[in-house]
Amino acid sequence: MPTLILVRHGRSTANTDGVLAGWTPGVALDERGVAQAAALPGRLARLPIAEVVTSPLQRCQETMRPFLDARPELSPHTDERIGECHYGDWSGRKLAELTDEPLMEVVQAYPTAAQFPGGESMRAMQHRAAEAVREWNARVEREHGADAVYLMCSHGDIIKSLVADALGLHLDLFQRISVEPCSITAIRYTRLRPFLVRLGDTGDFSSLAPREEPPSGDATVGGGAGAP
């Protein structure tokens, strides 16, 4: 079966503003995100990408634009199932103010019980994304062969949930996974099991350096902004 390259969108204005964007329209890449997107064609230059699938949200579309400009033979597909989690009433709110919501503790420790007010559950988010990957795996293999490589551009929580699915990791543990903006995660699917061959690879280790303020023990809902 094919190898899936998962690209998280580049850093967005919502990431730098500390806002949970969700499906809020008009969330674009910030200056750093634009630079991250511009570097993607070089980072992926040696990969024979058979198909490109993107979330419909602006920040993913902008992330893929330089890559698609460099690969004019590729016609991208948009799939809403790999769009961001529907955070409902939480969308557009500051992450700092959401930390006091009782639901945040559930999101952190027991995501399978988390249902966003006016939005979807984290179980539903993972299910739709995993179903999309399974359908695209079959399509890519059918049209391009079992050794094909294809790319999806999506969002932090979606990618983390797909990694958990590939590893057979319970969704309640998926907050232990971290993927930075414009990071590359690769999953090679086989008949019996998937293999996680890259996780959150940015080629930049600056985010591992000690910071003035120690990082919180909580996962950043939506994925976080990456290195400062």
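1. Strand 2 is mostly covered, with six of its six residues buried. The strand spans residues 49-54. The structure is a predicted model, and the points below should be read as a description of that model.

2. As background, the strands of a sheet pair through backbone hydrogen bonds, and they do so either parallel or antiparallel.

3. The partners of strand 2 can be followed residue by residue. Strand 2 runs parallel to strand 3, and two bridges join them. Across this pairing, valine 53 stands opposite histidine 77, and threonine 54 stands opposite threonine 78. Strand 2 also pairs with strand 4 (residues 149-154), again in the parallel sense, over four bridges. Here threonine 54 faces cysteine 153 of strand 4.

4. Which residues of helix 5 are buried? In this helix, residues 102-109, they are Leu103, Met104, Val107 and Gln108. Viewed down the axis of helix 5, the buried residues fall within an arc of 140 degrees, so they line one face of the helix. The face turned away from that buried side carries exposed residues, namely Pro102, Glu105 and Ala109. The cover over the buried residues of helix 5 includes helix 4 (95-98) and helix 6 (122-144).

5. How many aromatic pairs does a search of the whole structure find? The search finds two. One of them joins tyrosine 87 and phenylalanine 116 edge-to-face, at 5.0 Å centre to centre and with 90 degrees between the planes. Tyrosine 87 lies in the loop between strand 3 and helix 4, while phenylalanine 116 lies in the loop between helix 5 and helix 6, so this pair ties together parts that are 29 residues apart in sequence. Both tyrosine 87 and phenylalanine 116 are buried.

6. Tryptophan 90 also pairs with phenylalanine 116. The ring centres of tryptophan 90 and phenylalanine 116 are 5.3 Å apart and the planes stand at 65 degrees, so this pair is edge-to-face. Tryptophan 90 is in the loop between strand 3 and helix 4, and phenylalanine 116 is in the loop between helix 5 and helix 6, so the pair ties together parts that are 26 residues apart in sequence. Tryptophan 90 counts as buried because its relative accessibility is 2%, and phenylalanine 116 counts as buried at 1%. Tyr87, Trp90 and Phe116 form one aromatic cluster.

7. Threonine 185 has its place in strand 5. Is threonine 185 buried or exposed? Its relative accessibility is 1%, so threonine 185 counts as buried. A polar atom of its side chain lies 2.9 Å from the backbone nitrogen of glycine 200. Leaving aside neighbours within four places in sequence, the residues in contact with threonine 185 include Leu4, Ile5, Leu6, Ile159, Val163, Leu196 and Gly200.

8. Cysteine 182 deserves a look at its backbone. Most residues other than glycine have a negative phi. Cysteine 182 is not a glycine, yet its phi is positive, about 60 degrees. This residue lies in the loop between helix 7 (156-167) and strand 5 (184-189). Cysteine 182 has 1% relative accessibility, so it counts as buried.

9. Arginine 134 lies in helix 6. At 42% relative accessibility, arginine 134 counts as partly exposed, because that class covers values between the limits of 20% and 50%. The side chain of arginine 134 makes a polar contact of 3.1 Å with the side chain of aspartate 165. Arginine 134 and tyrosine 189 are 55 residues apart in sequence, and their C-alpha atoms are 9.6 Å apart in space.

10. A last point concerns a charge and a ring. The charged end of lysine 160 sits over the ring of phenylalanine 174, at 4.9 Å from the centre of that ring.

Methods: Residues numbered from 1 in each chain as written. Predicted model: local features only at pLDDT ≥ 70, side-chain atom pairs only at ≥ 80, totals over all residues. Heavy atoms only, no water. Pairing = 2+ DSSP bridges. Buried < 20%, exposed > 50% of the residue type's maximum accessible area, 1.4 Å probe, protein only. Arc of directions from axis to C-beta. Contact = heavy atoms within 4.5 Å. Polar contact = N/O pair within 3.5 Å; in protein donor to acceptor, adjacent residues only side chain to side chain. Phe/Tyr/Trp six-rings, centres within 6.5 Å; stacked < 30°, edge-to-face > 60°. Lys NZ or Arg CZ within 6 Å of the ring centre and 35° of its normal.
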